[in-house]
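Let us walk through this protein model one region at a time. Keep the 3D view open as you read.

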Amino acid sequence: MDGIIDPRADFNTQKQQFINCIKNNLQRRLAKNDINTNDYDRYMSLAYTVLDHMVDSWIKTDRAYSEAKPKRIHYISMEFLMGRALSNNLISLGLYDVARDAFCELGYDLEETADFEKDAALGNGGLGRLAACFLDSMTNLGIPTHGYGILYDYGMMKQTIQRDRQVEKPDVWLNIPYPWSISRVTETTEVHFGGHVVHSDDRDTTKACRWDPLQKLLAEAHDIPVYGYNNSNVNVLRLWSARSAGEFDLDSFSEGKYMDACQAQVFSESITKVLYPNDKDMSGKRLRFRQEYFLAAASLRDIINRFRREHNGDFGIFADKVGIQLNDTHPGLCIAELMRILVDEENIGWDKAWEITGKVFAYTNHTVLPEALEEWPVSLVEELLPRHMEIIYNINHFFMEQVGIRYPGDFGKMQRMSVINDKSRSVRIANLSIVGSHKVNGVAALHSELLKKDLFRDFAQMYPERFVSVTNGVTPRRWMFSANPALTALIKEAIGDGWMQDLEKLIELEPFSEDSGFRSEWAKVKAGNKKRFSAFLKKDAGLSVDPSFMLDVQVKRIHFYKRQLLFLLYILYRYYDIRKNPGKYKVPRAFVMGGKASPSYWAAKELIYFANRVSHIISSDPEVKGQIEFVFMPDYRVSSAEIIMPAADLSEQISTAGYEASGTGNMKFALNGALTIGTLDGANVEIKDCVGEDNIFIFGMNEKEARELKERYDPREYVEKYPEIKTILELVKGDFFCADNPGGLRFFADYLTGGDEYLVMADFDSYRKMQEQVDALYENTDEWVRRSVLNVARCGYFSSDRSIKEYNEKIWKAEPVVLPRIDYGR
């Protein structure tokens, strides 16, 4: 086929064909010759060449799905943290080596060109990265899938550090064309807000009504292909951008009223400007609510349009052909939207429409924090979505009837389970998502149990068959093959490439943990990755860590339950202990913290300030030089995670037991050979079960112990036990770390001796003692490496391929449609 290489050709021929493809794109798409090029030209011509090799499979996949008419799974999420696409797509296609050698022959470096790509700013943390892993695995397994999200102009933010504080800047990632996205302007759909409802004569709101909206805007579709590694399937992530449906006000512009002329456009397009607008005030709540409904309405309309084309609008089989997975509560309004479409537009009776809806939706919960479950003021829903509010009232009315029959007289249970919170007059989206779904899943074994016995106990008692558990996983294509090519090559040399199709075959690596020669090569890979990270940190942030030090890392969203404060307190403890007892620690350690704080989360932003102040104190103290280093890595993102995770020696997973749903960073670190220090929280429990108690450092209280302690907890009792900690807190309160900002850190001393909601002081001594065991093991380099090998060998379970197989077995029950793999360059 013109423009792509011949998969039957030998490597050198493929390389030359690839060169020709690059030159062709350079000339025809960019109007450049191969002499006068810059970084942008080289990146775009290469990206277009890779995309050309995906398009044929994309079209064939679309045709195969249309002919098979399978059940399609629709994964709706506010976040898709995809990361850079170029290297990952080359690996999936099997073209990485061909592209590398072709670029080398042209006089360029593939890695340098790949670094030109910006991270797609489509998410914030674990929720979005999980969604990206799942799309990858659904494609890899041949499950007909459509992802739905929002094309944010500026993402959540770009984090900069100024005067030691987080400063949020727009993440300007679309200032150059994004070659992986194809605009589908002909598939633009309308989204409505406000207005009023016209009822039938009997005003029965369960019957078809007409919604006359006040405002209309457009949702424009943009498609990003996701290519399978084990096949040549291409699934699609469809992202929506908001556009004004009104014409430009030329009269106002001609009169010099320039802002008035653009007002409708600015108002409409604000919906997709940023991820998670600050919702501390009503204007922010309004924008965020509009954003979530925009995603729900555009996605549902697209799903139904495709269903109509494929099945002639036979809604009797809708639930057999359509599955919708709600990734957290953000897309929960989809339930009311589907009911509106079925009842008002398709004239399906209420009972039948509700039956269809319940069979279509499934809901994934990602938190055990009640305050993280979304609620929207009834007044806001009535104003912006009047018909949906009527539908939600009806859903709740019929549901409360069922609860009353099942539990007569139990008004407390009815109040807790109600979709409407009568006290705050708000709509509980989590309750709506449970009531309107046929399955509800947690994302780790412990998390799922906590949902059933605590957060959603009433629902689990009423619908025990509805609750299932699916432990999260990560895609090895990005987090091993792309992020850690040296380790991938070493493992491939040892056990072949079977594990690259089935990650659980990593267990074949276990005997090599006893091979001294293999351990030596393993250690060399880790050392090389640490040097790579050190160079990256210097270039990206101007910070330094010694690659010969043990690398101890905590990188994740900044939140007090994740206990970055415990990590910071231990760093301070170790720093002062080194000053007090020179030579005590035989292992020099470099501590790295990274992560973004929500712009509205004041305490988390102050913690970043605290961390940077501590970093300055340690780095400027000559007495501890060569023994301890600490840096806060700014603007933590997918591309920086791909550098630091292969480099880390120790992974910090130290949340308060019972608060982390699962975590996926813990899995990525373990699969790249880091040992874990952590609590029995989230997926740490299952990591311990897989790798064995001897190969993980578990400390602190378990969930039951933490819950019981909170009822009688006084952190001052623990502070008094440890004179060193008491001294450190006095220094914090006494402005030792912020002499130029009196009282600037007093909050933390008061917090740790007052509230300490997440039991930092209670777990500190256990954490400190476990860190001593870490030091002792790391001194025995060979034994540390042996356990590192075992961690990787035993963590194949944490593949997102396994997770998706479980989703399909327990929830979706979709038949795969698999296109044979094209062996480009493999």
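Three strands form an open sheet in the order β12-β14-β13, and their pairing is antiparallel. Strands here are DSSP runs of E with at least two residues, helices are runs of H or I with at least four, and both are numbered from the N terminus. Two strands pair if DSSP finds at least two bridges between them. β12 (375-377) and β13 (420-421) are the edge strands; each has a single partner, so one side of each lacks a neighbour in the sheet. Two bridges link β13 to β14 (residues 426-428) in the antiparallel sense. I420 has V427 in β14 as its bridge partner.

This is a predicted model: local features need pLDDT of at least 70, side-chain atom pairs count only at pLDDT 80 or more, and totals for chains, interfaces and linings use all residues. Residues are numbered from 1 along each chain as its sequence is written, and side-chain values use heavy atoms, with hydrogens and water left out.

Now move to the parallel strands. β20 (residues 650-653) and β21 (residues 675-678) run parallel, joined by four bridges. L650 has L675 in β21 as its bridge partner. Together with helix α25 (residues 665-671), these strands make a right-handed β-α-β unit. Right-handed means that, with the strands pointing away from the viewer, the path from the first strand over the helix to the second runs clockwise. β21 also pairs with β22 (residues 697-698), in the parallel sense, over two bridges. From β21 the chain crosses through α26 to β22, and this β-α-β crossover is right-handed too.

Which way do the residues of β21 point? L675 and I677 point one way, T676 and G678 the other, and all are buried (under 20% relative accessible area, with a 1.4 Å probe and protein chains only). In a regular strand, side chains alternate between the two faces of the sheet.

Helix α17 (residues 445-455) has buried residues as well: L446, H447, S448, L450 and L451. The buried residues of α17 pack against several elements, including β15 (439-442) and α26 (684-691).

Last comes the nonpolar core, a set of buried Ala, Val, Leu, Ile, Met, Phe, Trp, Tyr and Cys residues joined through side-chain atoms within 4.5 Å. The largest one has 153 residues, and F18, W180 and F318 touch the most other members. Helix α9 (residues 282-311) gives the largest share, 11 residues. A second, separate core of 73 residues includes L565, I608, F610 and V614.

How values were computed. Buried means under 20% relative accessible area, exposed over 50%, partly exposed in between (1.4 Å probe, protein chains only). Contact means heavy atoms within 4.5 Å.
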